[in-house]
Amino acid sequence: MKEEKSLVIPKSTLSRLPIYYCYLQERMAEGQEFVSSSAMAESLSLGAVQVRKDLAGVSSVPGRSKVGFRTEQLLNDLKSYLGYDDYNEAVLVGVGGLGKTLLQYPGFKNYGLDVVAGFDVDPNVVGRTIGGKPVYAISQLEGLVRRLGVKLGIITVPGPQAQGVADMLVASGIKGIWNFAPAHITLPAGVIIKNENLAASLAVLSGRLAGES
């Protein structure tokens, strides 16, 4: 994602833009030339005013009255705004169940991300190729990251190990961390982190289900 652009809109808006992007990809696949903000809002269960406001902040061409936005143009605008037309390489530390799944996921390239290698301490996975990606010993992390010039790291290790892994990534020159470990990580200024707490998300979902029963 392009940092200078992400600063000019609220985080709540930024979180909705990938949803619009996926919706528009589907419309393009169906051959739909134009799409209206009201139709998008109805399909995504969002407010029409909110969708129009969101799109106005990223689209280079305003929607046409009674016709809407040209689907391809709006898709390209969102792709550029979100940085999906950039090419970002990442390394992943922790090749367990989740780590293996992420290494094998081909969809990242649709969003400008390529996980180029995994790292682990387990001799049963070190030296293997998973999803076409080599898995190296953690002792090789710093040298390889610096040589490749990678700036994004993905953490999928158990919580107690997360801070140590984050410190290693930062020491290797990593500037952004996508953290899947259930742990609070302290980072120096200038290093960006995005936490994905699966346990917390499950707790929220379970709580909502309980409230419906």
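Mentor: Start with helices H2 and H5, whose crossing is left-handed: the near helix is turned anticlockwise from the far one by less than a right angle, while clockwise would be right-handed. Keep in mind that this is a predicted model, where local features need pLDDT of at least 70 and side-chain atom pairs pLDDT 80 or more, while totals for chains, interfaces and linings use all residues. Residues are numbered from 1 along each chain as its sequence is written, and side-chain values use heavy atoms, without hydrogens and water.

Trainee: Okay, at what angle do H2 and H5 pack?

Mentor: About 145°, with the axes 9 Å apart; H2 covers residues 11-29 and H5 covers 71-82. The axes are lines fitted to C-alpha atoms over the stretch in contact, and the angle, on a scale from 0 to 180 degrees, is between N-to-C directions.

Trainee: Which residues of H2 and H5 meet?

Mentor: On the H2 side they include Leu14, Leu17, Tyr21 and Met28, and on the H5 side Leu74, Leu75 and Leu78 are among them. Contact means heavy atoms within 4.5 Å. The residues of this contact divide into 12 nonpolar, two polar and three charged. (Ala, Val, Leu, Ile, Met, Phe, Trp, Tyr, Cys and Pro are nonpolar, Asp, Glu, Lys and Arg charged, the others, Gly among them, polar.)

Trainee: How many helices and strands does the chain have?

Mentor: Nine helices and nine strands. They are DSSP runs, at least four residues of H or I for a helix and at least two of E for a strand, numbered from the N terminus.

Trainee: And what's the strand order in the sheet of seven strands?

Mentor: S5-S6-S4-S3-S7-S8-S9, in an open sheet with mixed pairing. S5 (129-130) and S9 (192-195) are the edge strands, each pairing on one side only. Two strands pair if DSSP finds at least two bridges between them.

Trainee: How many bridges join S3 to S4?

Mentor: Six, and the two strands run parallel, S3 being residues 88-93 and S4 113-120. Val91 stands opposite Ala117 in S4. Helix H7 (141-148) lies across S3, S4 and S6 (133-137), at about 175° to S3.

Trainee: Switching topic: is Gly118 buried or exposed?

Mentor: Buried, because its relative accessible area is 0%; buried means under 20%, exposed over 50%, and partly exposed in between (1.4 Å probe, protein chains only). Gly118 is in strand S4. Leaving aside residues up to four places away in sequence, Gly118 touches Leu92, Val95, Leu103, Pro134, Val135 and Tyr136.

Trainee: How many aromatic pairs does a search of the whole structure find?

Mentor: Five. Rings of Phe, Tyr and Trp (its six-membered ring) pair with centres within 6.5 Å; planes under 30 degrees apart are stacked, over 60 edge-to-face and the rest tilted. Phe119 and Tyr136 have ring centres 5.7 Å apart and planes at 35°, so that pair is tilted. It links Phe119 in S4 with Tyr136 in S6, 17 residues apart. Phe119 is buried at 1% relative accessibility, whereas Tyr136 is partly exposed at 27%. Ring pairs also link Tyr105, Phe108, Trp178 and Phe180 into a cluster.

Trainee: One last thing: where is Ser45?

Mentor: In the loop between H3 (37-44) and H4 (48-56). Ser45 counts as exposed, at 68% relative accessibility.
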